[in-house]
Amino acid sequence: METFDRYVLFLLIALPLIGAGVLLFVPAQRPGIVRWVSTVLSFVVMLLSFYVFGFYDHDAGGYQFLRAWQWLEIPGPWPFGDRGITLSLGVDGISAMMVLLTGIVMFTGTLISWSIADRNKDFFILYFLLLSGVFGVFVSLDLFFLFFFYELAVLPMYPLIGVWGSSSTFKNFIRTKEYGAMKLMLFLVAGSVLIWIALLAIFVEANAGTFDLQVLEGVEYSIGFQRVMFPLLMVGFGVLAGLWPFHTWSPDGHVAAPSAVSMVHAGVLMKLGAYGILRVGMTILPEGAQDWMPVLVVLGAVNVIYGAISAMGQRDLKYVIGYSSVSHMGYVLMGLATLHHLGVSGAVMQMFSHGVMTALFFAVVGAIYDRTHTRDIGVLEGMAKRMGTTAWLFAIAGLASLGLPGLSGFVAELLVFLGLFQTYPILGALGVVGAAITAVYILRLIGKVFFGELAEQWQNQVDISKREAGASIILVGFILLIGLFPFPFLSAIDANVAELLTRMTGAG
């Protein structure tokens with residue numbers, strides 16, 4: 001078992017790549033084989049993610065499941081001898097939760113993707129490349145490979161949206177899938193440029209001859225350097241996290257993407273941005289982080305209010321959820337900015353909660369769109385009479401979104417609010433206002449789409465399939481599990497959050 005532990009993180013990265021390689025040899029004329037190979041592979045990866053989270057030692061804390069392979073040696077007069085670039089893998093409690101989230105969304109997204117009939121082989125190859133990159137970011141302890149996997153996670157989004165996505169039309173105004181894909185790519189590549197500049201600057205300033213995260217976080221950087229470099233990381237990673245005002249790519253990307261890609265986009269990709277701020281920016285540049293956190297908390301508050309108000313004014317179901325994601329990611333950013341144990345813990349919980357919640361949202365909306373070929377809220381009405389299972393699944397996601405006690409959203413947002421009221425009470429009050437606005441548009445949306453008189457054109461609609469329902473029930477299970485039994489998840493991240501904040505307190 002000890003040998004398996006040393007390779008389990010590598011398997012999380014490698015299996016999706018192996019799956020993509022296997023699919024290359026499956027004839028495109030056999031879409032059924034493609035689906036089953038993809039499903040079995042995704043299920044195995046999800047089990048591995050369960051193993052990583054379940055066997056992470058909460059009491060010991062720190063990085064575990066460690067394994068490293070040197071890739072490139074950088075000779076030079078370094079203080080600690082010749083070093084270089086190393087594929088160094090490990091997880092702490094925070095990244096173990098993100099690994100679990102990625103495994104869940106990967107498998108459920110694969111089940112939802114069975115509905116893709118056109119070139120499904122190409123779709124799953126790109127899908128697995130993307131997920132391999134996501135796992136790589138969460139388990140990498142070398143900044144070079146962290147950035148490499150970050151790009152691997154981002155780049156497949158362009159063809160996945162541009163080829164398999166859908167265009168939207170509202171009042172003769174057309175947003176094409178090509179527009180959504182290009183806008184997403186331009187924003188995220190611009191953010192990546194800022195990240196790469198900051199990582200190279202950290203490498204040079206540290207003068208340690210390595211990109212190893214554990215070495216770099218032990219280097220003392222000047223306060224001036226930290227103040228200049230942290231905003232590059234904050235904005236660079238923040239673009240992917242939906243940080244206002246760099247968020248506009250996200251709702252358009254959500255709307256244009258196919259259902260499974262929307263699930264991955266909102267469920268785990270946006271978390272890479274928040275994770276990058278936490279893992280790289282706050283860990284390596286603690287004093288710079290402290291100076292810029294008042295800015296981040298204000299921008300996060302704008303995310304919350306602006307995203308909620310924008311969601312209230314949308315007519316497209318996916319746009320509602322897209323702007324809702326911008327709003328909820330604002331809670332993550334505000335929680336991180338508190339630098340308070342409760343707030344940061346709540347931010348990590350919100351990352352997980354928002355991931356399963358939005359994945360459920362997009363799975364259900366995708367089922368509605370597949371059957372009605374519309375997402376126009378003004379047209380959809382009374383759908384619960386023909387799609388009862390779909391209705392209650394959407395309601396659970398909506399109630400988690402507005403923070404109903406007993407569901408995951410309540411636990412996460414409560415912790416964020418407790419941290420905010422002890423650090424930025426006025427902005428904490430704005431966060432509560434944002435939650436109230438969320439309740440308004442979610443309840444109104446449920447009432448409009450699923451209740452009332454059923455239009456004649458929807459009389460023959462069929463409910464969500466057993467396969468789609470199975471994927472959705474897995475997501476519902478974790479929404480309920482976190483809402484009712486949050487402490488196993490909190491204990492996983494508690495020691496690591498405390499260690500991070502102790503380091504920042506000592507630095508500041």
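Start by selecting H11 (residues 259-284) and H12 (residues 286-312). Their axes come within 5 Å and cross at roughly 105°, and the two helices are therefore roughly perpendicular to each other (65 to 115 degrees). Axes here are lines fitted to C-alpha atoms over the stretch in contact, with angles from 0 to 180 degrees between N-to-C directions. Helices are DSSP runs of H or I, at least four residues; strands are runs of E, at least two.

This is a predicted model: local features need pLDDT of at least 70, side-chain atom pairs pLDDT 80 or more, while totals for chains use all residues. Numbering runs from 1 along each chain, and side-chain values use heavy atoms, without hydrogens or water.

Now show the side chains where the helices meet. Gly-281, Met-282, Thr-283 and Ile-284 in H11 contact (heavy atoms within 4.5 Å) Pro-286, Ala-289 and Met-293 in H12.

Next, go to Phe-135 in helix H4 (residues 120-139). Then pick Leu-285: its C-alpha is 24 Å from that of Phe-135, and the two are 150 residues apart in sequence.

Zoom out to the whole chain. Look for 19 helices and 4 strands. The C-alpha atoms fill a box of roughly 75 × 60 × 45 Å along the principal axes. Of the 508 residues, 62% are buried.

Key. Parallel < 35°, antiparallel > 145°, perpendicular 65-115°, else oblique. Buried < 20%, exposed > 50% of the residue type's maximum accessible area, 1.4 Å probe, protein only.
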